[in-house]
Each structure stands twice: as C-alpha cells, then as structure tokens.
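Here is a friendly tour for anyone opening this structure for the first time. Keep the 3D view at hand as you read.

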Amino acid sequence: MPDRSLSFTILLGNLSTALRLGLMRLLQSQPDLHVVCAGAGSSELLSLARQLRPGLVIVGEGQLRDVEQLSRYNTVPALLYCEGHPLPGMLREASRWGVFDTIRPNLTTTEWGAEVLRKVRRVLPQVKARPTVFRAPVATIPGLSTGLVILGGSTGGTAAVEQLVRGLPATLAYSVLVAVHLPAAFLNSFIERLRRATTLPVVAGWPGTVLEPGCIVVAPGGRNLLVKPAANSPWQAWQTEFTPESGASGDEPSVDLLMRSAALTVGRNVVGVVLSGLGRDGTLGAEAIRQHGGTVLVQDEASSAVFSMPSSVIQHGWANAVLPLEQLPAAITKQAAFFDRLSPEKRLSRSFSARALQL
C-alpha cells in the first residue's frame, strides 16, 4: 500500500459524476497523487480544504465563489473545469483566488488525460520530475455507458451487494443499478455502506438520473424504478424514472420491472444478477433479459442467505450461470469486456456466449 503521508493531495469539488470518475481514474493512476472528493455542498469543500490542506483543488465554474471564500483563509492552487470558452475577465478575477489554469473537454481521451496531468504537475515543483504515465479510462469524458448491470435481491441481498461491489473494477464501462427490497428509510444508510465498500461513485436513482459508466445507482425503497432513453440527448444514453406500476411480487423496488425495462430499452448488453432473497422477484425480469439477448447470473445456494429468488430463476431456466458470490464480480467484468471487444456488427448479430463466463 502506498504511503499517503508522502503523496500530494488533490481535492475534487462538485463535478459531474462522469467527470469526477474520470479524474479519479486518471489521478489515482499516479502513485504520488492522493485524491479526495467533496460532496455537493460548498461547506464540505471548504471544510475538507481546511482540514486536509490539499496542494490543489479542481472545481467547476459553479464553485468559483467557494474558491474565493477559501482564498480568504488560505490560497490553494485551483484548476477550473469549463465546458466552453471562459471569459477573460472571469479568469483574471479568478486568478486572484488561486485559479491558475482551466480544463476543457474538447480533446480525445488520451490527449485530455495527458493535458490534465501536465497542468496538475505544474504545482508540484518540489516533487522530482518523473515520466508521466497515463492509463486511458474505458469511457470518454463525459462518458456513456456501453451496458447495464442490474443487481436484484431481498433478504440477505444488501450484504451480497456490498460484497459484490467490492470486486468491481474502477474501469467498469457499464452502469450498475441496484434494487433490493428495503424500506425507504434505509436508502441513505445503504448508499453509505456501498460507498465505503467501493471507489465507484454511488448515488440514489431519482427521475432523470443519467446512467454513467462505472456509477452505481440505488433504487429508493417504496418506489419502482425503470430505465428509459435519456431525454434531450443526441447520443445513446439512458436514465431512470419512477413508475406507478406494481411488480408481480408486490415488492418495492421491483426487480422484475427494473430488469424488464432495462432489457426493453438497452437490449443485449444487459447483465441481470439475482442475489439472495425470499420470493420470486427477478424471475420475470430474468426472462425478459434472456429474451432480448442479455445475460443472467445467479448467486449459488451455498453463498445465499435465502435461496428462493435465485432458485426460482434457475428452475425456470433463465440462468446463464450459477456462481458463488465471490465469483460474480469477475463474471460481470468478463461479460462487460467481452461485449466491448465485439465490433458494432457483431454486437448486433450475436448474443453472449456461455464460454465467456468460464473463470
């Protein structure tokens, strides 16, 4: 494990999920850089900056006033992310608060990564120069998911999801949606548990939440979540929406409804994972995924707290593979990588081969 006491701390402000994820992948690939993310509120950025005394902050245009407030206590070098051309007057004013340069999105992934690292290292004069190593993330910035992973469970499902996401790689190009039968009051605590278990971003799924690569979206309790095409997007993108429709099992959030909507909207590149749980929720969803060419993985009996949900999928013949919980992250990763390697023509003409699941 690297010695963080010798690393250079970079604080990320309230940036989009895709941008934050891309920056984390890029910066954490450098052994001498340590990345910390602040929450959405300006108070958390200021509090963390005073506490950690970072060597650099990276913020969006909406947080310039926070940088100004921070400069009243301690001027910290800042990089400003700008979607368009910033006004010269704004940059002159911001330079008084420590903003020394900008990050722009109009480059290829490799060029963008190299440019960001070059600008970051401008504020590390005391660090011995070393060759810049850039490992390009799977998705571009801003990113688009190449597929979806749906994790469904009930009794024992929260612990299963928590263990499963620990094994998912930071380079995962699929979005992950979680539907576990929980009361609405447990949503925030469940999200916090998952955030402690993984470096991937974890958010609640509300209407209009855009599904981004490597982001884990948790369905709120007491509501049924669907996947729909993203509104007002020129690209193939997806978002979440609520539905008043009830699932066949009566449980909320319904695994069946979420899986079925994902299969109808996304098609072949959906991986449905049915985890520990009581009842049959997920069986109809698994059927829809298989009928649209997707893949269904099922947690085995030995690792399940309650085997009813996985057993129902198996008995109906919808499981591509039945695996111990500890093998599911690798199977999900293999499936995502397998699909991404296919040419566009093959993606349209063939479904997932069971041989891709051989671990």
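Thr283 is found in helix α9, which covers residues 283-291. In this predicted model, Thr283 has a relative accessibility of 6% and counts as buried, because anything under 20% falls in that class. Which residues does Thr283 touch, once its neighbours within four places in sequence are set aside? They are Asp256, Ser312, Val313, His316 and Trp318.

**Two helix pairs**

Two packed helices are described by the angle between their axes and the distance between the axes. Helix α9 has such a partner in helix α8 (residues 255-266): the axes lie 7 Å apart, at an angle of about 10 degrees. An angle under 35 degrees counts as roughly parallel, and α8 and α9 are therefore roughly parallel to each other. On the α8 side, the contact is made by Asp256, Met259, Arg260 and Ala263, while α9 brings Thr283, Leu284, Gly285, Ala286, Ala288 and Ile289. By type, the residues of the contact of α8 with α9 are six nonpolar, two polar and two charged.

A second pair to look for is helix α6 (residues 157-166) with helix α7 (residues 187-197), whose axes come within 8 Å and cross at roughly 30 degrees. α6 and α7 are therefore also roughly parallel to each other, and the crossing of α6 past α7 is right-handed. From α6, the contact uses Thr158, Ala159, Val161, Glu162, Val165 and Arg166; from α7, it uses Phe190, Arg193, Leu194 and Ala197. The make-up of the contact of α6 with α7 is six nonpolar, one polar and three charged residues.

Here are the two pairs side by side.

| Helix pair | Axis distance | Axis angle |
|---|---|---|
| α8 and α9 | 7 Å apart | about 10 degrees |
| α6 and α7 | within 8 Å | roughly 30 degrees |

**A covered helix and a cis bond**

Helix α3 (residues 64-71) is mostly covered, with six of its eight residues buried. Those buried residues are Leu64, Asp66, Val67, Glu68, Leu70 and Ser71.

Glu252 and Pro253 are joined by a cis peptide bond, with omega at about -5 degrees.

**An aromatic pair**

How many aromatic pairs are counted? The count comes to one. The pair is formed by Trp206 and Phe242, edge-to-face, with 6.0 Å from centre to centre and 85 degrees between the planes. It links distant parts of the chain, 36 residues apart: Trp206 is in the loop between β8 (202-204) and β9 (216-218), and Phe242 is in strand β11 (residues 238-243).

**The whole protein**

Stepping back, the secondary structure comes to 12 helices and 14 strands. Of the 359 residues of the protein, 55% count as buried. Among contacts with a separation of 6 or more, 67% are between residues 24 or more positions apart.

Technical notes
Residues numbered from 1 in each chain as written. Predicted model: local features only at pLDDT ≥ 70, side-chain atom pairs only at ≥ 80, totals over all residues. Heavy atoms only, no water. Phe/Tyr/Trp six-rings, centres within 6.5 Å; stacked < 30°, edge-to-face > 60°. Helix = DSSP H or I, 4+ residues; strand = E, 2+ residues; numbered from the N terminus. Buried < 20%, exposed > 50% of the residue type's maximum accessible area, 1.4 Å probe, protein only. Contact = heavy atoms within 4.5 Å. Axes fitted to C-alpha atoms, helices over the stretch in contact; angles between N-to-C directions. Parallel < 35°, antiparallel > 145°, perpendicular 65-115°, else oblique. Left-handed = near helix turned anticlockwise from the far one by under 90°. Nonpolar A, V, L, I, M, F, W, Y, C, P; charged D, E, K, R; others polar.
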